[in-house]
Amino acid sequence: MLRSISMEFEPVIGLEVHAQLTTKSKIFCSCSTTFGAPPNSHVCPVCLGMPGVLPVLNKKVVEFAMRLALATGAKIAKYSVFARKNYFYPDLPKGYQISQYELPLAEQGYLEIEVNGEKKRIGITRIHMEEDAGKLIHDESRPRSYVDFNRTGVPLLEIVSEPDIRSPEEAVAYLKKLREIVRYLEICDGNMEEGSLRCDANISLRPKGSQEFGVKTELKNMNSFRHVQKALEYEIRRQTALLLDGKPIIQETRLFDPAKGITISMRGKEEAHDYRYFPDPDLVPVVIDEAWIEEVKGSLPELPDAKRERFVSQYGLRPYDAEVLTSSKKLADYFEAVCQIFPQPKAVSNWMMTEFLRELNRDEREIDQVPVTPEMLAELLTLVAEGTISQKIAKTVFLEMYRSGQPAKKIVEEKGLVQVTDEAAIEALCREVIEACPKEVAKYKAGKKSVIGFLVGQVMRRSKGKANPRMVNQILSRLLEE
């Protein structure tokens, strides 16, 4: 049984994140990067490392790397170099990976995170370009493994943080912020389950107040925010127990086992010299001038933090609502599209934060994957504002819109859901309820005014939710006071 986290030590954590880029072709050849194709169908002599072939750099990969560098305040190098990272593994056909080492594309960036109401800046050491390796598929029924080279040569950005993170919560906040930014920039879909965003963590412990780093371990196999947090929490407990028992921490790479919630030793931790880096002789240096940097800077979208501040100031939203609505660019764009047609931002926000997000979260869908367009939601909210349908009926109509893709007016007309605003008809319903509920009426007349809520509910039930609630309240109050 591992001991709980001791107050004698503090964690020192750095993250290495690999973001798979959404370019249509690979980094050094024209093969498709589409996910889910049959094994070994998106390959060619270049990405398979056949003798005599030469790689050609995909310009879009450089532009995507520059976008992230600018979005994180990193300094873009005017001159950067690709290197060969040498190691042997069945999913690496060339026997080396083309990456960047001594001269990366960008350095000295940062991300602002917030944990428990406190803001903190996490430094980014470097952002560099590299190619992905293939994928091994293990046959559980017999001792055999297969290799799929489709992913070989798919472009990656590696984002290496400074060891500024001091808790698993800060690590998750950093990772979420980075995922949010790459999705806003539309350079990576951020799908951790499919491996589009992968995270390794380096973690060590040191006595509180000490400036010296302890011996670190590297954690792999974390494909969700929850796995990152759980793996780091376990490793902190494990290292704490060893240090308290006077045992050494071994520098190694460890795998996280999600089923058991523990980390397992995989191999000794490699150092840079183990890979025997040297400049790739087949690729010329990447030279970037100021004009190209300015061109890319001009193409950047409004980033999440700036958009949140604008949503609060422009639309009068609460900070929490603004944070949720800007959590993805698609969600924020949808909100603004609805507001252009139906300029009541708080009403739009309320609907999106409740009815819409509940359905999206349940189905695990993005907002652009459902048939309810901004125009359709604006039409529904207009029907509510005009009193054509009640708020309650609107929720039923929305669910039908979400499932069928039909517009609100058509659903309301076909199902006869138009709100009853005829005063005589509502008064007749109110008198029926008063007659049917003598005990509640007596309580009201005795001074228990809150009972009117029950009576309103009875009227709404008899009208099948169609009666105008405001009119029901007014008429009931008048009749009860007679």
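**Getting to know this predicted model**

User: Is glutamate 186 buried or exposed?

Analyst: Its relative accessible area is 54%. The cut-off for exposed is over 50%. So glutamate 186 counts as exposed.

User: What is the phi of glutamate 186?

Analyst: Most residues other than glycine have a negative phi. Glutamate 186 isn't a glycine, yet its phi is positive, at about 60°.

User: Which loop holds asparagine 40, and what is its phi near?

Analyst: Asparagine 40 lies in the loop between E1 and H1. This residue is another non-glycine with a positive phi. The value for asparagine 40 is near 60°.

User: How does asparagine 40 count in terms of accessibility?

Analyst: Buried would need under 20% and exposed over 50%. Asparagine 40 has 34% relative accessibility, so it counts as partly exposed.

User: Is isoleucine 27 buried or exposed?

Analyst: Isoleucine 27 lies in the loop between strand E1 (9–20) and helix H1 (59–71). Its contacts beyond four places in sequence include Val56, Leu57, Glu130 and Pro155. Its relative accessible area is 0%, so isoleucine 27 is buried.

User: How many Å apart in space are isoleucine 27 and valine 154?

Analyst: In sequence, isoleucine 27 and valine 154 are 127 residues apart. Go from C-alpha to C-alpha in space, though, and the separation is 5.9 Å.

User: Which residues make the nonpolar surface patch of about 300 Å²?

Analyst: One member, valine 287, lies in strand E16 (residues 286–287). Valine 287 counts as exposed because its relative accessibility is 58%. The patch as listed is made by Tyr79, Leu103 and Val287.

User: At what angle do helices H10 and H11 pack?

Analyst: Two packed helices are described by the angle between their axes and the distance between the axes. Here the pair is H10 (residues 391–404) and H11 (residues 408–415), with axes 10 Å apart. The angle between H10 and H11 is about 115°.

User: What is the handedness of the crossing of H10 and H11, and which residues of H11 make the contact?

Analyst: The crossing of H10 and H11 is right-handed. On the H10 side, the contact is made by Val397, Glu400, Met401 and Ser404. From H11 come Ala408, Ile411, Val412 and Lys415.

Notes:
Residues are numbered from 1 along each chain as its sequence is written. This is a predicted model: local features need pLDDT of at least 70, side-chain atom pairs count only at pLDDT 80 or more; totals for chains, interfaces and linings use all residues. Side-chain values use heavy atoms; hydrogens and water are left out. Patches are made of residues with over 30% relative accessible area and no salt bridge: like charges are joined within 9 Å, nonpolar side chains (Val, Leu, Ile, Met, Phe, Trp, Tyr) within 5 Å. Accessible areas come from the Shrake-Rupley method with a 1.4 Å probe; for residues, only the protein chains shown count as cover. A salt bridge is a side-chain nitrogen of Lys or Arg within 4 Å of a carboxyl oxygen of Asp or Glu. Helices (H or I, at least four residues) and strands (E, at least two) are DSSP runs, numbered from the N terminus. Buried means under 20% relative accessible area, exposed over 50%, partly exposed in between (1.4 Å probe, protein chains only). Contact means heavy atoms within 4.5 Å. Axes are lines fitted to C-alpha atoms, for helices over the stretch in contact, and angles run from 0 to 180 degrees between N-to-C directions. A crossing is left-handed if the near helix is turned anticlockwise from the far one by less than a right angle, and right-handed if clockwise.
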